[in-house]
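Welcome! Please take a look at the sequence and structure below, and then we will walk through a few spots together.

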Amino acid sequence: MKKQKANLTRYQAKRDFRKTPEPAGGKTTPHGHRYLIQKHAAHRLHYDFRLELDGVLKSWAVPRGPTLDPHDKRLAVEVEDHPLEYASFKGIIPHGQYGGGTVMLWDEGSWEAVGDAHHSLQAGKLVFRLHGQRLKGEWSLVRMRSSKGGRTNWLLIKKQDE
Ligand code: MN
């Protein structure tokens, strides 16, 4: 599977970088396989789940946050790719700006795909291992068939540990 070129057009179009302290991106320094979750107290609290791939952070907004219970599937709404610099962003996005509210780091570490990450994402089932401070072990992201309002919904699921 061919690597995708980093594309931050959607990310940049949503933001006014004169008004938000968030990074504009583009000064990419690939790290490898960074994983992080940011707790984002926006209009609605959610957890931003991010996996580094191809020079960007693939991103999902998880309204209820992750759970270690394998029987409890958590909605993960696909959102635009974020720049790698976003991994070290924390602070306050001003009200009135996209995603206005406080962003704090909730977990970080690295991840590894089980199988080919590009193929799995395209196929709608990504299995991966997390090596974070809080979250570890095997997880999956499974794309749902029906997506509402132009959104692509996934489920974030913890795999049963041995
Ligand atoms: Mn967010």
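## A charged network

At 1% relative accessibility, E80 counts as buried, where buried means under 20% relative accessible area with a 1.4 Å probe and protein chains only. This is a predicted model, in which local features need pLDDT of at least 70, side-chain atom pairs count only at pLDDT 80 or more, and totals for chains, interfaces and linings use all residues. Residues are numbered from 1 along each chain as its sequence is written, and side-chain values use heavy atoms, leaving out hydrogens and water.

E80 forms a salt bridge with R15 (3.0 Å, N to O); the term asks for a side-chain nitrogen of Lys or Arg within 4 Å of a carboxyl oxygen of Asp or Glu. R15 also meets E22 in a salt bridge, at 3.2 Å. R15 is buried too, at 11% relative accessibility. Through shared partners, salt bridges join K14, R15, E22 and E80 into one network. The structure holds 12 salt bridges.

## The manganese site

Which residues coordinate the manganese ion? They are H40 (ND1), H46 (NE2) and D48 (OD), at 2.2 to 2.3 Å. Donors here are N, O and S atoms within 2.8 Å of the metal (3.2 Å for Na, K and Ca); water is not among the atoms, so sites may look incomplete. Along the sequence, the spacing of these donor residues is H-x5-H-x1-D.

H40 is buried, with 6% relative accessibility, and D48 is buried with a value of 6%. D48 also forms a salt bridge with R50 (3.5 Å, N to O).

How values were computed: Buried < 20%, exposed > 50% of the residue type's maximum accessible area, 1.4 Å probe, protein only.
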